[in-house]
Amino acid sequence: MSDVIEKAIAALAVKLPNGFSATAKFEIEGEGSIIVDENGVRAGDDEADVTLTASAETFQGMIEGDVNPTAAFMTGKLKVDGAMGLAMQLGAALA
């Protein structure tokens with residue numbers, strides 16, 4: 001597992017301490033995938049209700065609060081596949 005994925009898992013665990021009500025996947029381009037569900041945050045490439053794909057830089061900016069997830073989506077830096085409502089809930093949790 002890459003350092004980027006390990007750091008992202010740790011940061012997401014802080015932002016989502018109780019996990020997430022559905023299954024969400026964060027795909028970090030060139031690094032790997034992270035699953036967030038009712039069991040918490042872990043590395044994985046499981047099927048998900050919503051998948052968010054971004055570069056490591058964009059993802060890090062969202063976690064640190066420097067990049068607004070909605071703005072990243074509107075400018076094409078964040079791609080969403082699946083349930084848009086769940087993506088919006090995740091965006092609110094990350095903001």
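The model is a predicted one, so local features are taken only at pLDDT of at least 70 and side-chain atom pairs only at pLDDT 80 or more, while totals for chains, interfaces and linings use all residues. Residues are numbered from 1 along each chain as its sequence is written, and side-chain values use heavy atoms, with hydrogens and water left out.

Helices (H or I, at least four residues) and strands (E, at least two) are DSSP runs numbered from the N terminus, and two strands pair if DSSP finds at least two bridges between them.

Strand β1 takes part in both kinds of pairing. With β2, strand β1 pairs in the antiparallel sense over 5 bridges, β1 covering residues 24–28 and β2 residues 32–37. Along this pairing, Ile-28 has Gly-32 as its bridge partner, and Glu-27 has Ser-33. The hairpin has 3 residues between the two strands, and Gly-30 there takes a positive phi near 80 degrees. With β4, by contrast, β1 pairs in the parallel sense, again over 5 bridges; in this case Ala-24 is partnered by Val-50. Strand β1 is also mostly covered, 4 of its 5 residues being buried. Buried means under 20% relative accessible area, exposed over 50%, and partly exposed in between (1.4 Å probe, protein chains only).

A nonpolar core is taken as a set of buried Ala, Val, Leu, Ile, Met, Phe, Trp, Tyr and Cys residues joined through side-chain atoms within 4.5 Å. The largest one has 25 residues, of which Leu-12, Phe-26, Ile-34, Phe-59 and Leu-90 touch the most other members. Two or more residues each come from α1, β1, β2, β4 (50–54), α2 (56–64) and α4 (84–94). Leaving out residues up to four places away in sequence, Leu-12 touches Phe-26, Ile-34, Val-36, Val-41, Phe-59, Ile-63 and Leu-94, where contact means heavy atoms within 4.5 Å.

Phe-26 and Phe-59 turn up again in the ring count. Rings of Phe, Tyr and Trp (its six-membered ring) pair if their centres lie within 6.5 Å; planes under 30 degrees apart count as stacked, over 60 as edge-to-face and the rest as tilted. That rule gives 1 aromatic pair. Phe-26 and Phe-59 form it edge-to-face, at 5.3 Å centre to centre with 65 degrees between the planes. Since Phe-26 lies in strand β1 and Phe-59 in helix α2, the pair ties together parts that are 33 residues apart in sequence. Both Phe-26 and Phe-59 are buried.

That leaves the charged side chains. With a salt bridge set as a side-chain nitrogen of Lys or Arg within 4 Å of a carboxyl oxygen of Asp or Glu, the count comes to 4. In one of them, Asp-45 meets Lys-25, with the closest N and O atoms 2.9 Å apart. This pair links distant parts of the chain, as Asp-45 sits in the loop between β3 and β4 and Lys-25 in strand β1, 20 residues apart. Asp-45 is exposed at 55% relative accessibility, whereas Lys-25 is buried at 10%.

Asp-37 is buried, with a relative accessible area of 5%, while Arg-42 is partly exposed at 31% and Asp-46 is partly exposed at 34%. Elsewhere, salt bridges that share partners join Lys-25, Glu-27 and Asp-45 into one network.

Thr-51 is itself buried, with a relative accessible area of 12%.
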